[in-house]
Amino acid sequence: MRDFLIRHQTPALLVAGLVVVTVLGVLTGNETVQVTLTEMFIRLVVVVGLWVFIGNSGIISFGHIGFMGVGAYAAAWASAEPGFKQIMLSGLPVFLQENQYPFAFAIIGATLLPALVALLLGIALMRLAGTAASIATFAVLMIVNSVYANWDSVTAGSSSIIGIPTVVGPWVAVGFAAGAVVTAYLFQVSRLGLMLRASRDDEVAARASAVEVKRMRLVAFVLSAAIAGAGGGLYAQFLGILTIDPFYLGLTFITLAMLVVGGMSSLSGAVAGVFAVTIIVELLRIAERGVSLGALDLGLPLGSQEIGLGVLMALILIFRPNGLSNGRELVWPGAAPAAKAPAGRTLSPELTGDAAPSP
Amino acid sequence: MIGFLQNLIDAVSLGSIYALTALGIGLLFGILRLINFAHGDYITIGAYALIVPSADVTARLLIGDLPLIVMTPLICLIVVVAALLSDVLVFRPLRRASSPTLMIASFAVSYIIQNGVMMLYGARPKAVDLWSGANTQILIGDLRVPMLQLIILVVTLVLMTTLTLFLRKTPYGIQMRAAAEDFRMATYLGVRGNLVIGLAFAISGILAAAVSLLYTTQSGSLSHTMGLPLALFAFVAVVVGGMGSLVGAVVGGFTIGIIVTMLQAYLPPELRAFRDAFAFAFVILVLLVRPAGLVPSRTSFERV
């Protein structure tokens with residue numbers, strides 16, 4: 001048991017950390033704190049999903065917020081009130097229109113539908129080389145946005161879907177966050193994950209070692225879309241009202257910023273980034289609201305929050321390119337696993353080729 | 001037949017805008033391996049530089065009121081300065097970073113510029129009346145051609161010819177091509193890296209300024225996210241054309257312009273709202289058949 005815990009201490013520590021934060025948050029009894037926490041855990045699910053693909057393959061994806069949107073709508077279709085669905089969403093299949101399914105069913109839908117979409121699109125996208133694939137993932141975001149904003153009989157178009165039961169609070173959200181972390185970790189240490197990271201570090205060498213790079217990327221793409229989709233489902237059942245607008249570039253930027261700030265080459269980094277960026281954004285938001293001293297309103301102008309986040313991201317990229325985690329995983333001090341080092345780069349420079357002369 | 005020709009002219013003029021944008025993006029990618037998201041926001045900066053900074057809904061022209069011969073260089077200058085600033089402040093410290101890192105950094109730059117513009121000018125779109133004389137129509141036979149589309153076409157051709165001549169005939173152009181071929185080797189042979197990259201940023205700034213003038217005249221409105229769709233379509237154009245090839249960027253730009261316009265014209269009305277989705281789905285299909293793009297570049301392959 002002790003060996004098992006030491007070997008898998010990273011996810012154990014991360015999950016324990018999440019639970020502690022939740023307990024503290026719930027103990028405050030403050031409504032705002034709990035809402036912020038819930039939203040943060042939902043974003044954590046999405047960012048961890050994003051990390052499964054980006055962290056392991058080294059390819060930036062701008063399309064995952066699209067998958068989150070697909071998941072959110074899938075959950076809404078399953079769980080919104082039948083009365084609303086029959087009037088506004090008359091294009092839905094009859095079984096969805098007439099029934100109101102429970103949360104569990106909605107989340108399963110929110111996981112499977114994005115995975116299916118990712119599989120179909122991924123077959124095409126994963127054939128492209130790294131940078132081209134990144135740009136092409138934009139196509140995913142835009143296709144989802146265009147379809148969901150205009151398919152009135154199924155998505156209610158530019159008006160919103162209402163009557164979704166709001167069952168997601170901090171505890172449900174943290175449960176899914178922990179689930180996402182464990183899933184991502186299992187993928188990371190699996191044979192598939194190892195092969196994919198090999199292709200990230202040296203694609204040519206990996207291919208020469210019989211790694212089927214495209215197929216590995218596709219597997220990670222589908223899995224990460226499923227996790228991001230689950231995040232979307234949580235989001236729908238957290239807000240209770242849904243439009244396609246939030247699932248676009250703004251959220252794409254924030255989730256990528258979380259990944260970059262934390263350090264996208266490690267799972268702990270993804271989690272740390274979510275915490276760090278949430279804290280910074282909340283602080284900036286408070287600063288924007290400002291304080292009133294008599295007749296004087298002291299506050300940052302509107303938009304400072306976004307600019308601050310952008311500047312922070314640029315600074316991190318310049319001065320600490322591996323993010324806050326510096327590419328390492330979270331380990332208990334003094335209890336590093338003896339046999340295998342975690343996913344960080346621990347090979348000597350000669351072995352990784354970093355010693356090659358640079359211009 | 002007339003209808004088709006009319007659509008074709010629309011397609012070519014939209015394609016010209018995309019091609020100019022894609023050219024600016026492709027030029028930087030060739031040399032720096034940077035996919036510059038902020039390129040769309042250079043276009044936004046050029047457009048907003050025309051008006052008086054304020055949060056009012058109606059825009060008062062400032063630079064835009066000057067005679068053309070003063071206004072155009074001034075807007076170019078402003079955009080070039082913005083492009084060079086983004087290089088000096090963000091991209092120069094990242095010279096040795098990987099291509100994904102550069103891409104994310106440019107995403108951050110784009111986000112900063114967008115919100116900066118929003119802070120200065122307000123979030124609401126503004127109407128501007130720049131050069132309304134250009135919207136008159138000329139009759140060629142039975143064909144009604146808006147003057148502006150002809151202007152767009154001519155400007156595009158002039159810029160592309162000038163750029164080609166610059167790259168082929170001048171010493172700086174040859175250095176830029178050498179750097180695009182193999183940056184490290186070029187610097188070993190005495191090409192100054194920062195100069196070449198600065199030039200690339202400046203040229204992409206000029207291209208962006210041209211697009212912002214043409215596009216603002218055509219659309220008659222400003223918004224802080226106006227450059228975004230242009231940049232996104234241009235990105236996809238660069239990928240469709242073949243990454244790392246300037247000819248490819250232009251071919252890709254025109255391809256996207258033609259696809260979008262023809263879908264708009266010939267899709268059944270109830271599907272027309274999904275135009276962009278069809279366009280991007282079509283792009284994915286093209287890539288499925290030709291993963292390296294329509295004009296594959298020799299230098300785009302991974303070097304071992």
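Okay, let's start out on the surface of chain B. There's a nonpolar patch there made up of B:Leu66, B:Ile69, B:Val70, B:Leu74, B:Leu77, B:Val81, B:Leu85, B:Val88 and B:Leu89, and together they have about 800 Å² of accessible area. If you want to find it on screen, go to B:Leu77, which sits in helix α3 of chain B, residues 68-91. And keep in mind that this is a predicted model.

Now, the interface. How many residues of chain A are in contact with chain B? It's 47, and they meet 42 residues of chain B. The two chains, A and B, bury about 3900 Å² between them, with 84% of that on carbon and sulfur atoms. As for polar contacts across the interface of chain A and chain B, the rule finds two residue pairs, both at pLDDT 80 or more.

So which elements of chain A give two or more residues to the side that touches chain B? Those are α7 (103-125), α8 (130-150), α14 (249-262) and α16 (304-319). The one that gives the most is α8(A), with 12 residues. By type, that side of chain A splits into 34 nonpolar residues, 11 polar and two charged.

Between chain A and chain B the count is zero, while a search of the whole structure, over all chains, turns up nine. One I'd like to show you is A:Arg207 with A:Glu203, where the closest N and O atoms are 2.4 Å apart. Those two are about one helical turn from each other, because they're four residues apart in helix α12 of chain A, residues 203-208.

Technical notes: Residues numbered from 1 in each chain as written. Chains lettered and ligands numbered in written order. Predicted model: local features only at pLDDT ≥ 70, side-chain atom pairs only at ≥ 80, totals over all residues. Heavy atoms only, no water. Contact = heavy atoms within 4.5 Å. Buried area = accessible area lost by both parts, 1.4 Å probe. Salt bridge = Lys/Arg side-chain N within 4 Å of Asp/Glu carboxyl O. Polar contact = N/O pair within 3.5 Å; in protein donor to acceptor, adjacent residues only side chain to side chain. Nonpolar A, V, L, I, M, F, W, Y, C, P; charged D, E, K, R; others polar. Patch = residues over 30% accessible without salt bridge, like charges linked within 9 Å, V, L, I, M, F, W, Y side chains within 5 Å. Areas by Shrake-Rupley, 256 points an atom, 1.4 Å probe, with all protein chains shown as cover.
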